[in-house]
Amino acid sequence: MNTLDKTTDEVLRLAAEHFKVQRAELSPDDDFFKKLGINSLQALDLLTRIEQHFQIELPDYELQGVSDFRTLAQRIQSRL
Amino acid sequence: MLDLRQYNSLGEALRAALDRWPDEICLIEADRERENARLTYRQFKRQALPLASALQSAGLKDGTRAAIIMTNQSKWLLSAYAIFFCGGVLVPLDYKLTAAEQLQLLSHSHAEFLVVEHHLWRAITQAEQFKNLAVRTVLVTEAPPNADLAGAHRWEDFHAAAEPTFIPRKRTDSACIVYSSGTGGRPKGCVLTHDNYLEQCVALTSLYPFWPGVRYLSILPTNHAIDFMVGFIGPFTCGATVVHLRTLRPEFIREAFTKYKITYMALVPMVLKNLERGLRQRFADLPPRKRKILNALIATNRALTRRQPHLKISRALLPQVHQAFGGQLRALFVGGAFTEPETLQFFYDLGIPVGNGYGCTEAGTTITVNDLMPFRSDTVGKPLPGMEVKIANPGAEGIGEVTVRSRTLMSHYLDDPEMTADAIVDGWLLTGDLGRLDPSGHLQLFGRKKNMIVTEEGKNIYPEDVETYFAGLPIKEFCVFAANYLWPARTMVGEQLILVLHPESGQEITEALVKGVAQRNRRLLNYKRISGYLPWDRDFPLTASLKIKRAELAEQIRQNRHRSAVVPL
């Protein structure tokens, strides 16, 4: 598994935990707004969880225009 | 506050404010637990004038259009003041738009100057349309050292020592061009005058006053009409303090309330509902006995504040709730979209009045707002002082189109006299919203007459702007509609867009086609997406220039299809 795949996998695990769904239900290309039925504020909540896990700081704007886990993982990867 | 009748322009009023309260704090910029800036009115002036001087040297003069694309932060207000000081016309653009959309509006507005945050500028320079950018001076804020700025200047270094010359403007001159829609089709650039803003400011602050010591928490983007007024012009012309928070994360919003002892905050329904959800959860987690006591105290507060708010009583009855909001909160303002009455009542019962309002950019921000005398959760309040509201062609129940006449109405849509003539008829703005005035003068809203939706984030979405994203679909024709426009509904929440698909004769709507729709849909920002499609089997009615006759098509669909025929995506 390459580094980006690992990061994506971690993001999926964190999202599943945070929004209380089964990890197996989530895929990297899922639209998380639709799949999890969340709004942009709830998605920001997930960023906080991600920051704590990866020990990085992600400005809110990093989520702008992002709606799938893979792209989110790419944004995280670029800051690791 | 300043007596705004004495001033002819926003620049003149702001200039007077900087001299009137030199030692008061005007601006705090918080970023999580950090504080990036804290400025007195004197320090604000000292930072803004060298910028104004450099802008003047670069050719910014009266009437020059200068755009800002930034998140809400101190450099937004410093730049805006410098532009007004030079007599410029401000074009506040939404930083949440895509780079291609921002470039389109920069072009439409004929902006000659641009102030932009580095991460946004980077996206703009990578867009295909960047090569067409005609802005001649770009200032980029917060660029990392050694960043390639693609010909732009570093905002932090863009200042000049010479004393700038203040350029007076007349009340009827344009102050701002604010885009209410049109990123995909026909841009609606509302041209608002200095008179529009100064009048609106007087009206709003007569109901919700600011004064030195008041702290307004700004979380809505300042390009948003509400924040521009209550998070800049209003507090500054009263010597109050604006606290910018550069994140919308709930934990930092909660922290800002207590850290900065916030007096007012404006928000959109989505954020208000999020606050409500958090509080309800905390109440539900209380042990049963404590919850019972809390419920009794809330009921008492409700009874004692039935006629009007009593902050002292509410704070005494529910100290822990009020302490969680910093102990100084006087009111929340909510607008930009419809808020459910239950949410408004929930906060009022806790002793936190919500100034629920209704407005649109074309009317100069706010049309009606709850005056709290008494609080009403079932309406959007009464017309602001100076605002005439009339219901056009009311039906049996008194419901008709809300029309507005006021000194705060925009001058016109930029470069579009035809659209202006459709929107303002005999001095009355046709809002396209359906409402009724009750006997006490409160406005109640019941839905829309126009083909658009408003999200709970306060975003106005027009089908025409979304439609371009579906270009290239292998299908005879398609058209986007607001579902409630096709099938009128007496609600302004949960509004959705749908795509009408008309295949070629004999063509099926296959899985591959639906996949193509879904792929294109995902290129849209999440709040702009369509929620389903409607198969349609007749040719669209077209004008001589082959444009879709939307109203006619809508009528055909209304007559022949039920809402249940929409296939969810």
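Predicted model: local features only at pLDDT ≥ 70, side-chain atom pairs only at ≥ 80, totals over all residues.

User: Why are α1(B) and α3(B) called oblique to each other?

Analyst: The axes of helix α1 (residues 10-20) of chain B and helix α3 (residues 74-85) of chain B cross at roughly 120° and come within 8 Å. Roughly perpendicular covers 65 to 115 degrees and roughly antiparallel begins over 145, with the rest counted as oblique, and therefore α1(B) and α3(B) are oblique to each other. The crossing in which α1(B) passes α3(B) is left-handed.

User: Which residues bring α1(B) and α3(B) together?

Analyst: From α1(B), the residues B:L10, B:G11, B:L14 and B:R15 meet B:Y81, B:F84 and B:F85 of α3(B). Sorted by class, this contact has five nonpolar residues, one polar and one charged.

User: How do you know that residues of α1(B) are buried, and what do they pack against?

Analyst: A residue counts as buried if 20 or more other C-beta atoms lie within 10 Å of its own, and in α1(B) the buried residues are B:L10, B:G11, B:E12, B:A13, B:L14, B:A17 and B:L18. The elements of chain B that these buried residues pack against are α2 (41-57), α3, β8 (174-181), α6 (194-207) and α7 (225-236).

User: How is the pairing of α1 and α4 in chain A described?

Analyst: Helix α1 (residues 3-18) of chain A and helix α4 (residues 69-77) of chain A have axes that come within 9 Å and cross at roughly 115°, and α1(A) passes α4(A) in a right-handed crossing. Among the residues that meet are A:T3, A:L4 and A:V11 in α1(A), and A:F69, A:R70 and A:I76 in α4(A). By class, the contact has eight nonpolar, five polar and one charged residues.

User: What makes up the contact between chain A and chain B?

Analyst: Here 13 residues of chain A are in contact with 16 residues of chain B. On the side of chain A that touches chain B, helix α3 (residues 40-54) of chain A gives the most, with five residues, and the residues of that side divide into four nonpolar, six polar and three charged.

Key:
Residues numbered from 1 in each chain as written. Chains lettered and ligands numbered in written order. Axes fitted to C-alpha atoms, helices over the stretch in contact; angles between N-to-C directions. Helix = DSSP H or I, 4+ residues; strand = E, 2+ residues; numbered from the N terminus. Parallel < 35°, antiparallel > 145°, perpendicular 65-115°, else oblique. Left-handed = near helix turned anticlockwise from the far one by under 90°. Contact = placed C-beta atoms within 7 Å. Nonpolar A, V, L, I, M, F, W, Y, C, P; charged D, E, K, R; others polar. Buried ≥ 20, exposed ≤ 12 C-beta atoms within 10 Å, placed from the backbone.
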